[in-house]
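Dear colleague,

I am passing on to you the structure we spoke of, and below it you will find some notes on what turned up in it. Please look at the sequence and the model before you read on.

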Amino acid sequence: MGCCHSALPGDNWEKDPRQGLSRPMTPSNGRDGAAAEGGGAAIFSEFSLADLRAATNCFSSESIVSESGEKAPNVVYKGRLQNRRWIAVKKFTKTAWPDPKQFAEEAKGVGKFRHKRLANLIGYCCDGDERLLVAEFMPNDTLTKHLFHWENQTLEWAMRLRVALYIAEALDYCSGEGRPLYHDLNAYRVLFDEVGDPRLSCFGLMKNSRDGKSYSTNLAYTPPEYLKTGRVTPESVVFSFGTVLLDLLSGKHIPPSHALDMIRGKNIDMLMDSHLEGIFNLGEATVVFDLASRCLQYEPRERPNTKDIVATLAPLQSKVEVLSHVMLGIPKQEEAPPTPQHPVSPMVDACSRMDLTAIHQILVTAHYKDDEGTNELSFQEWTQQMRDMLEARKRGDFAFRDKDFKTAIDCYSQFIDVGTMVSPTVYARRSLCYVMCDQADAALRDAMQAQCVYPDWSTAFYMQAVALSKLDMHKDAADMLNEASTLEEKRQKGARS
């Protein structure tokens, strides 16, 4: 294969020590990798160099993404895999990441994150001297293009508020997941997806490379503490977010030091973008103006945290019913994910319609037939604790059957927490319970854990599709549904042959 990381038995999932869950990492098989083959952005894969060369036309200059903000040799390319999925490929030099293992581990760490406000990382390649990251491709340019170099229309005020909130939500998600550091946050890092929604590039979540700078060489935009220590902190990220707020207010790059003079003088009229022609809410602009001032405080401890920023921006949102691509004045470019070409099973049909009642009935009927072979217990393990654990599962099954989902969660959690047995069915059932209780994040974690226990189990993928749909990650949900349907069809063919 030629890649620097070889998957060993039992090494197919990366453990998240904070949450105790794993995510699948499928090694490249000489094609697009498992995630690319099924189109599922929720699976993180190791890609082969040959595939990425083919996808980017041998990394031709025509494939370089304009307005990427990246300086050579760290260039971003647009590519298309054999399954027709568009990707963004960031190419590093070996000197940027001399240790291939460190690069692979860092990429897999970033690859654990999935959020609708991120342009998510879906894979990497580490072959010889090559170091490459693979992310979802965002087809509608960067904030830099829409804010500073627009051709048709200036970015309207409501869209600027949406950008500010969505990027703050992305940062808050990463912070909540234990990854608060984001490198070189600026308008280039804000990308627009196929429906015009702003997303934060995942590339900034990678730790600083050896031959690169975390921050721009424009010192006016660099957090003051970074100039002293050379280290990025969560407070540094908030400072950088403040510079993005300045960009959104002014429509141009203003050095924070100069902007702070205007902020201290309450000179909001001079700061506001003249291209808005006065079409903005002064009260909303004042709130953003004050928030930028707080983010750009010299002392890091005086800056707000990401939760405070989200709480400040959320109430300002207007035109919430207007879709982003309409506000941007661009055509909607949503690309329909591949659909199954095989007969639709009851589970596919139920998940496609988000018919939770039908999904519940299918799981009740299936009982534990798919758990066979997942546990081999010795005689010594049949202790009182074991009997208590099985009794908890039994109570959970009764509650699940009777649609008492909160009780089922409690009972199944007792079973899982003991840890003597692992049951993909219990994880799948608890996942649906969490969906029924409006806890989609927990539902997704359980569905992913079910996949870790039983990697080729279609039900685990179906439940991930349901949870992703509840999280409004509809494209990822559709991709995951296709993956589940493919696995189910393979299993049925195997049973018939």
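**Aromatic pairs and rings**

F44 is buried, and so is Y124. Please keep in mind while reading that this is a predicted model. The structure holds 11 aromatic pairs in total, and F44 and Y124 form one that is stacked, with 5.9 Å from centre to centre and 15° between the planes. This pair links distant parts of the chain, since F44 lies in strand β3 (residues 44–46) and Y124 in strand β7 (residues 121–127), 80 residues apart. F400 and F405 also form an aromatic pair, in this case edge-to-face, with centres 6.3 Å apart and an angle of 75° between the planes, and both F400 and F405 are buried.

**Helix α11**

Which residues of helix α11 are buried? In this helix, which spans residues 306–313, they include T306, I309, V310 and L313. These residues lie on the same side of α11, because they cover an arc of only 95° around the axis. In general, an α-helix has 3.6 residues a turn, so residues three or four places apart point the same way. The buried residues of α11 pack against α5 (157–176), α7 (234–250) and α10 (282–295), whereas the face of α11 turned away from its buried side carries the exposed residues K307 and A311. At the N-terminal end, α11 is capped by N305, a side-chain oxygen of which lies 3.2 Å from the backbone nitrogen of K307.

**Cysteines**

How many disulfides does a search of the whole structure find? It finds 0. C174 is in no disulfide, and the nearest cysteine sulfur to its own, that of C202, is 9.6 Å away. Since a disulfide here calls for a pair of cysteine sulfur atoms within 2.5 Å, that distance is the one to set against the cut-off. C202, likewise, is in no disulfide, its nearest cysteine sulfur being that of C174.

How values were computed: Residues are numbered from 1 along each chain as its sequence is written. This is a predicted model: local features need pLDDT of at least 70, side-chain atom pairs count only at pLDDT 80 or more; totals for chains, interfaces and linings use all residues. Side-chain values use heavy atoms; hydrogens and water are left out. Rings of Phe, Tyr and Trp (its six-membered ring) pair if their centres lie within 6.5 Å; planes under 30 degrees apart count as stacked, over 60 as edge-to-face and the rest as tilted. Helices (H or I, at least four residues) and strands (E, at least two) are DSSP runs, numbered from the N terminus. Buried means under 20% relative accessible area, exposed over 50%, partly exposed in between (1.4 Å probe, protein chains only). The arc is that of the directions from the helix axis to the C-beta atoms. Contact means heavy atoms within 4.5 Å. A polar contact is a pair of N or O atoms within 3.5 Å; within protein, one must be able to donate a hydrogen and the other to accept it, and residues adjacent in sequence count only if both atoms are side-chain atoms.
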